[in-house]
Amino acid sequence: MSRVFRLKRLLNAVVAALIAVVMGGCTTTQFVELREKPRNPLAERLNLTALGGPAPSERTQRFLAMTHYRGGRDNVLLLQHAKNQLAGNEPHEALHVAAEVSYLSGQAAALTDPALAMELYLDSAYYGWQYLDLPTEDGGLVDPNAMPHRETVEVYNTSVEEFLRLARRSGDYSLLRSMQLPVSGRRISFELPFPSAWLNADQLDGFEFASDYELKNLRNRHVSPGIGVPIIVTRRRHNATDGLERYYSDGMRFPATVVLTFAEPGSRSRDQKDVRLQLYDPRDTDGIVMRDTLIPIETDLSTPLARMLTNPKLRLLDTFALLRPDRAKHLQGLYMVQPYDPDRIPVLMVHGVWSSPMTWMEMFNDLQSDPRLREKYQFWFYMYPTGEPMTFAAADLRDELRELRQRCDPFQSNDRLDEMVLVGHSMGGIMSYLMTVDSEDKLWNATSRLSVDEIQTDAETRSEIRRVFFFQSNRSIGRIVTIASPFAGSGYANSFTRWLSGSVISLPNRTSRLSELIFRQNHSGFWDRMFAPKTSVDSLAKDSAVLRLVGNTTVSPEVRHHNIVGIEKGTSAADWTDGVVKYTSAHRDDADSEIQVRAAHSAVHRHPEAISEVRRVLLEHLTDAALRRYPVVPVGASTRASMPAFPPVVVP
């Protein structure tokens, strides 16, 4: 190994370690772990793994004692006894016992006779369904999440899951296919009652069970109790000719809930012949209707997200995009973790230096759990090589937004896309801010003493100069949230770190050639060229041209700016800092709102208070967007004719 190569590797390691300290380091990519055994809520209650088990629950044993059962542990006799009690005083309890005994019978048959076990699990689900469908004394339905009814729902849910596991093991079963059971001949049809942009037949591919995975490195697991089995659906990859397919991440996964439904007991299908496997999107559907009552479905929004994000290929993405932006350009772009929905407002999240979209997953996990936000917003993420100078990275983001709008809405008719919200952390906050201002000639004049026309170059390079240094605000952006952003620079972007980063960060040829051209034709001296802006670290120096532009501009009047500042240490505003960015740099007098969060730089955007503030901003944006879309016009003779012909819409 040559001495030069060893020195290069040493410099890479030093700068990586240095930036890890000052900028927060890489983001974890391990969000789930496969369990040794799937989580089973019945395990303890039915002694499934204990010595002497499985055995009926204490609830079932109380019912058997109360109804004077004398048949021992024979499941056939137990089931017959429960069915004989359906006409008695406790029909709900009789149905619970029938469901539980059928489940235990399925467990006993699963290893030796899977086909029979499927029948028994289906019977268990059927009795559980009858339990929920049976009116109470006052004519209503039981609350599926109140005890003891929740116990019966868990028997139903677990039976449905075990049934699906056996169906999948029996062959190449997919959610789109109906099936016929080999023993009884019962046919189970597949239904998507409410197809959505996120969950439809074209999207469905394989599936996994959420109970197979344990959540890691996410603060909250957002679940809700109800009927059904939460699963993880893998999206089918479509032909790349689809205009939006390029924005969809590989291995996109969705949350879904599987419910087995049966015809009402009083119908002609009392013999369980009418069985339907229904798939619901928990992001769009709250529950299923039974006897004019909405029964909530069981949901798990976090595990499918974590499963999708746990990708070994992403493990070194942060460092690779920092040190080798020349080779990371193919990774750059806008990414969607859900298919595009024209009826939802985009929220675009932009990460900072030595980071990736993975850094937003704590916030995204919490925001998507709010049904009001889930109904109105779709979340997008921007990935870019963070080693590039900010001017080039921001120019690429402007181009990406312009191209995406053209693909999504070529006639510029969708007003949801004119209400976009940008959320940026650290350098990503500065880039978000740059989307909302006009550069005029300020950025170029701070970079070059020559006018663009005086630069001797070809037309293509001159066009590139104009793309990078001359821009206007994006009128599709209605609001930005900046988090721990160094508007006045960071003290860590000093001469040494700038020189060190310039030594180890390999820029794309396009960027290097343009920078060299400007330096050379401006006759920059040796030291000027040594410390001239070349990388993202240079862009964060307080005297950089791009930060001078940021300091001398304000966002467009139509845009609302919300700012979040991190404070880790310090005794007053004069010396507050998040460890990387001082309060005096992150603070903006002209922001529409600003809060302080007690957190280090790399943790500010993951802090519960910051997430709560972003949630508040997004809810406020819904109200403001509705008012802009349907303005309140004073009633009067002079204005009545200009009022819209439809009633105003109130967005909660």
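Glu-362 lies in helix 10, which spans residues 361–367, where a helix is a DSSP run of H or I with at least four residues, a strand is a run of E with at least two, and both are numbered from the N terminus. This is a predicted model, in which local features need pLDDT of at least 70 and side-chain atom pairs count only at pLDDT 80 or more, while totals for chains, interfaces and linings use all residues. Residues are numbered from 1 along each chain as its sequence is written, and side-chain values use heavy atoms, with hydrogens and water left out.

Glu-362 and Ile-345 both count as buried, a term that means under 20% relative accessible area, with exposed over 50% and partly exposed in between (1.4 Å probe, protein chains only).

| Residue | Element | Relative accessibility |
|---|---|---|
| Glu-362 | helix 10 (residues 361–367) | 9% |
| Ile-345 | strand 14 (residues 345–350) | 3% |

A polar atom of the Glu-362 side chain lies 2.7 Å from the backbone nitrogen of Arg-219. Leaving aside neighbours within four places in sequence, Glu-362 is in contact (heavy atoms within 4.5 Å) with residues including Asn-217, Asn-220, Arg-606 and Ile-611. Ile-345, for its part, is 70 residues from Asp-415 in sequence, yet their C-alpha atoms are 8.8 Å apart in space.

Note on methods: Polar contact = N/O pair within 3.5 Å; in protein donor to acceptor, adjacent residues only side chain to side chain.
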